[in-house]
Amino acid sequence: MSNSVPKARRYLLGIETSCDDTGVAILDDEGKVLANELLSQIDAHQVFNGVVPEIASRKHFETIHTLLDRALESAGLSWGDLSAVACTIGPGLIGSLLVGVCTGKAVACALGIPFIPVNHLIGHIFSNALTHPELAPPFIVLLVSGGHTDLYAVVSYEDLRHLGGTLDDAAGEAFDKGARILGLPYPGGPSVSKAAETGDPHSVRFPLPLKKQGTMDFSFSGLKTALLYHMKKHPDSSVSDAAASYQEAITDILVEKTFLAGRQTGYRKLVFAGGVSANRALREKARSRAAKWGYTVFFPRVEDCMDNAAMIARAGWHALWSGAVHQPKATVDSSLTIEKTQAVTKGSGSSKA
Ligand code: ADP
Ligand code: MG
């Protein structure tokens, strides 16, 4: 197995199957996205109000080959043109991850090209690089998704320092649980956001846990309970008003803490990543504060905020060109963290993403 990428064949295949979206993407050697195929399983899970792991892995298994063919076709390439495979190995649902990793390893093995493992969370950070190729560390990143709410100082892409994180629910989880309380459909983020469009964000004063405490940690479970009590106490109150006020509270806290991280580190670039970074109220609030306080904020394109393979390919692309080598023994890890990935990278001296 050669570790160097042959000159004439520099197309990187990215695979993402960590949860309920099957993604396959192809990047060229300048990091340009040539194909980005995504198949959402949302219809299969919506009736259960959440992702059913068994169904998710079966769906990935049924569709991944079609997506591979589609990606090659839309990039105008054939199998022999591929020079490396980048694949999400965690965190995520174990059965779903296994489908992507088995497929990725099979492709790498059959073609004799490197298999590059990618941490899904680092992939989310790189979703910004797809639209902002000029973006370079150091910067602050708020990773805000269904399962994570974490602030990192990105000193370099190989040196991420944790500044704070949620003590209970993730912000996306708060949106999802809030939607359930409000009787809005899954996934909660987009439906709360939509309902909030016609509501008054100042109609209900929800608590803002830890907002002013000077810590970079978050807590959202009390907020969700406050919403539950509010709706129990006022069953006929406006869902739009409650949704708008609830969204206002979540986004207020997220923005407050991200700018606190900027202030405490002195970094002037604030980057947002993960599903919740699609939220319009969050974007507007962060942008207006950045303009007032002299920061630059970066958001991925809305369609790149959700799980997708282009961001995984982009993280793998960075790793590869930073010296990552074929890692056939990389395995899935449902609870993979950024810290674990960094420890492995430093230990092996190979992949640096
Ligand atoms: P994970 O990878 O942790 O499963 P994702 O990055 O896929 O999470 O993001 C999914 C989360 O993002 C869900 O909790 C969803 O409710 C939330 N989300 C998606 N769009 C929005 C939005 N417009 N506003 C707020 N939250 C959103
Ligand atoms: Mg995700």
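Two residues are in contact if their C-beta atoms, placed from the backbone, lie within 7 Å. Helices (H or I, at least four residues) and strands (E, at least two) are DSSP runs, numbered from the N terminus. The model is predicted: local features need pLDDT of at least 70, side-chain atom pairs count only at pLDDT 80 or more, and totals for chains, interfaces and linings use all residues. Residues are numbered from 1 along each chain as its sequence is written.

A residue is buried if 20 or more other C-beta atoms lie within 10 Å of its own, exposed if 12 or fewer, and partly exposed in between. Seven of the nine residues of helix α6 (residues 188-196) are buried, so this helix is largely enclosed by the rest of the structure. Its cover includes α5 (171-182), α8 and α9 (280-293).

Strand β4 (residues 82-90) has nine of its nine residues buried.

| Strand | Bridges to β4 | Sense | One bridge |
|---|---|---|---|
| β1 (residues 11-16) | five | parallel | Ile-15 with Cys-87 |
| β5 (residues 115-119) | five | parallel | Val-118 with Thr-88 |

A nonpolar core is a set of buried Ala, Val, Leu, Ile, Met, Phe, Trp, Tyr and Cys residues joined through C-beta atoms within 7 Å. The largest one has 104 residues, and Leu-12, Val-85, Ala-86, Val-141 and Ile-250 touch the most other members. Helix α8 (residues 239-265) gives the largest share, eleven residues. Domain 1 (11-125 + 305-348) and domain 2 (137-300), with bounds from an automatic or database domain assignment, both contribute, so the core lies between them.

Notes: Chains are lettered from A and ligands numbered from 1 in the order in which they are written. Two strands pair if DSSP finds at least two bridges between them.
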